[in-house]
Amino acid sequence: LPATLVPSLALKFIPIVELDEYFYNFDEWEYSIRFYLRYYGLLTCIEGGDTKEDLRFTPDEILHRRLFVYSLIWKS
């Protein structure tokens, strides 16, 4: 990456899309949510598969990470 590139700018380029009332934009919404969760290392909180998470975080920290993920999804 160029030295002038700030990785956090990626969040400005792909905003969290508000889910349409009738789910017409589900694919776009899902992509934007997954992008944010991947960026912050939280995708495994809802998909599972990261057994290392149990070793890196206390049960309370895991709960707080999951609640944060759900709040991001709910907000959208």
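Is L43 buried or exposed? L43 is buried, because its relative accessible area is 10% (buried means under 20%, exposed over 50%, and partly exposed in between, with a 1.4 Å probe and protein chains only). What you're looking at is a predicted model, where local features need pLDDT of at least 70, side-chain atom pairs count only at pLDDT 80 or more, and totals for chains, interfaces and linings use all residues. Residues are numbered from 1 along each chain as its sequence is written, and side-chain values use heavy atoms, with hydrogens and water left out.

**The chain as a whole**

- The chain's secondary structure comes to five helices and zero strands (helices are DSSP runs of H or I with at least four residues, strands are runs of E with at least two, and both are numbered from the N terminus).
- Follow the sequence along and you get the pattern α-α-α-α-α.
- The chain has 76 residues, and 24% of them count as buried.
- Take the contacts between residues at least 6 apart in sequence: 42% of these join residues at least 24 apart (contact means heavy atoms within 4.5 Å).
- The chain's accessible surface is about 6000 Å², and carbon and sulfur atoms account for 61% of that (areas come from the Shrake-Rupley method with a 1.4 Å probe, and for residues only the protein chains shown count as cover).

**Around L43**

- You'll find L43 in the loop between α2 (26-39) and α3 (44-47).
- Setting aside neighbours within four places in sequence, L43 is in contact with R34, L37 and R38.
- I33 sits 10 residues from L43 along the chain, and their C-alpha atoms are separated by 9.1 Å.

**Helix α2**

- The buried residues in α2 are W29, S32, I33, F35, Y36 and L37.
- Their cover includes α1 (10-13), α3 and α5.
- S32, which has its place in helix α2, counts as buried because its relative accessibility is 1%.
- Not counting residues up to four places away in sequence, S32 touches I14, P15, I16 and V17.

**The salt bridge**

- The structure holds one salt bridge (a side-chain nitrogen of Lys or Arg within 4 Å of a carboxyl oxygen of Asp or Glu).
- R34 and E30 are the partners, and their closest N and O atoms are 3.2 Å apart.
- These two are four residues apart in helix α2, so about one helical turn separates R34 from E30.
- In general, an α-helix has 3.6 residues a turn, so residues three or four places apart point the same way.
- R34 counts as partly exposed at 25% relative accessibility, and E30 is also partly exposed, at 27%.

**Aromatic pairs**

- A search of the whole structure turns up four aromatic pairs (rings of Phe, Tyr and Trp, the last by its six-membered ring, pair if their centres lie within 6.5 Å; planes under 30 degrees apart are stacked, over 60 edge-to-face, and the rest tilted).
- Take F26 and W29: their ring centres are 5.5 Å apart and their planes meet at 40°, so this pair is tilted.
- F26 and W29 are three residues apart in helix α2, which means about one helical turn lies between them.
- F26 is partly exposed at 34% relative accessible area, while W29 is buried at 11%.

**A nonpolar patch**

- I46, L63, L67 and Y70 form a nonpolar patch on the surface, with about 370 Å² of accessible area together (patch residues have over 30% relative accessible area and no salt bridge; like charges are joined within 9 Å, and nonpolar side chains, meaning Val, Leu, Ile, Met, Phe, Trp and Tyr, within 5 Å).
- Helix α5 (residues 59-75) gives the most to the patch, with three residues.
- Y70 lies in helix α5 and counts as partly exposed at 45% relative accessibility.

**Positive phi angles**

- F23 has a positive phi of about 65° although it isn't a glycine.
- F23 is found in the loop between α1 and α2, and F23 counts as exposed at 52% relative accessibility.
- Just after α2, G41 takes a positive phi of about 70°.
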